[in-house]
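Reader: Hi! Could you walk me through this one?
Author: Happy to, here it comes.
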Amino acid sequence: MTNPALETKGLTKAFGGLMAVDNVSFALAQGELLALIGPNGAGKSTCFNMLMGQLRPTRGSVHLNGADITGLSPRRIWRMGVGRTFQITATYASMTVIENVQMALLSHHGQVFRIFPHAHKMHRDRAMALLEMVGMAAQAERHCAVLAYGDLKRLELAIALAHEPSVLLMDEPTAGMAPRERIALMQLTADIVRDKGVSVLFTEHDMDVVFAHAHRIMVLNRGQLIAEGNVAQVREDPRVQEVYLGGGTVFASEGAAENA
Ligand code: ADP
Ligand code: MG
């Protein structure tokens, strides 16, 4: 049997007396698009930060393709093929769209931007191919400062893909986007998962987006995984309904996929 792309065992993070993430074990299969949902403060970002090396777990372990990566630095984990997109976009506003991707490609190849006088010519074709993949080729020469928010997020995805990650972690990739843009970005992500075999773990507020695209869903509440399964299983789970009760809109999304 092949190893999961990413696996946690008993992952735990305590902030003082608060168990932000409490004994969380899960596996992300190869080529899976897995959603981690839960109310604000459930521990999703804390979980992501441990997977990416930003936070050291209090207990438990993280395995990447079978290798223990617990406690490694963010840089090490990134170099081992775990890519990420950020809750806040991390692009260089003063550079053009394609320059941002070229810089990511230079970094991926261990090259340093400033010591290459002809850096603007390097990796242009590959950068253009990545921009095409995310539907940003027509905007390649625009400065990032003038981009619409949704376009910045698509650029950010191209930058993450420049590193050819085997696992991609997306913490609220569609935060701040209009509903139509959210669906489009996750559709794009789903296409990339299918075409490139990348394994993706993502968090997302918008249940329409989650239900339309996730292969499987895990629900976190107060640091604990309370449910896991496909869309129908999670939707019908009484514990999940209890957590989201009062949220109101969460289960009002029947037919989300058809409306996309
Ligand atoms: P989510 O991403 O699901 O909204 P978080 O992981 O950001 O949740 O937060 C989980 C809990 O941990 C919250 O109660 C939050 O206030 C707390 N928390 C997060 N980061 C820290 C920190 N660095 N120090 C103390 N408490 C934190
Ligand atoms: Mg969060």
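Author: One term before we start: contact means heavy atoms within 4.5 Å. This is a predicted model, in which local features need pLDDT of at least 70 and side-chain atom pairs count only at pLDDT 80 or more, while totals for chains, interfaces and linings use all residues. Residues are numbered from 1 along each chain as its sequence is written, chains are lettered from A and ligands numbered from 1 in the order in which they are written, and side-chain values use heavy atoms, with hydrogens and water left out.

Reader: Thanks! What does Thr-85 touch, then?
Author: Leaving aside residues up to four places away in sequence, Thr-85 touches Glu-156, Leu-157, Ala-160, Leu-169, Met-170, Asp-171 and Pro-173. Thr-85 belongs to strand β6; strands here are DSSP runs of E with at least two residues, helices are runs of H or I with at least four, and both are numbered from the N terminus.

Reader: Is Thr-85 buried or exposed?
Author: Buried, with a relative accessible area of 4%. The cut-offs are under 20% for buried and over 50% for exposed, with partly exposed in between (1.4 Å probe, protein chains only).

Reader: Which strand order does the open sheet have?
Author: The order of its 6 strands is β6-β7-β8-β3-β9-β10, with mixed pairing. Two strands pair if DSSP finds at least two bridges between them.

Reader: And why is one side of β6 and of β10 left without a neighbour in the sheet?
Author: β6 (82-85) and β10 (224-229) are at the edges and each has a single partner strand, so one side of each has no neighbour there. For β6, the pairing with β7 (residues 167-171) is parallel over 4 bridges, and Arg-84 sits opposite Leu-169.

Reader: How many residues of β9 are buried?
Author: 6 of the 6 in β9 (residues 216-221), so the strand is largely enclosed by the rest of the structure. Its pairing with β3 (residues 33-37) is parallel over 4 bridges, whereas β9 and β10 pair in the antiparallel sense over 5 bridges. Met-218 of β9 stands opposite Leu-36 and also opposite Glu-228 in β10.

Reader: Switching topic: which element gives the largest share of the shell around ligand 1?
Author: That is α1, with 3 residues. Both β2 (18-28) and α1 (44-51) supply at least two residues each.

Reader: What is 2.6 Å from an oxygen atom of ligand 1?
Author: An N or O atom in the side chain of Thr-46. A polar backbone atom of Gly-43 is 3.0 Å from a ligand 1 oxygen.

How values were computed. A polar contact is a pair of N or O atoms within 3.5 Å; within protein, one must be able to donate a hydrogen and the other to accept it, and residues adjacent in sequence count only if both atoms are side-chain atoms.
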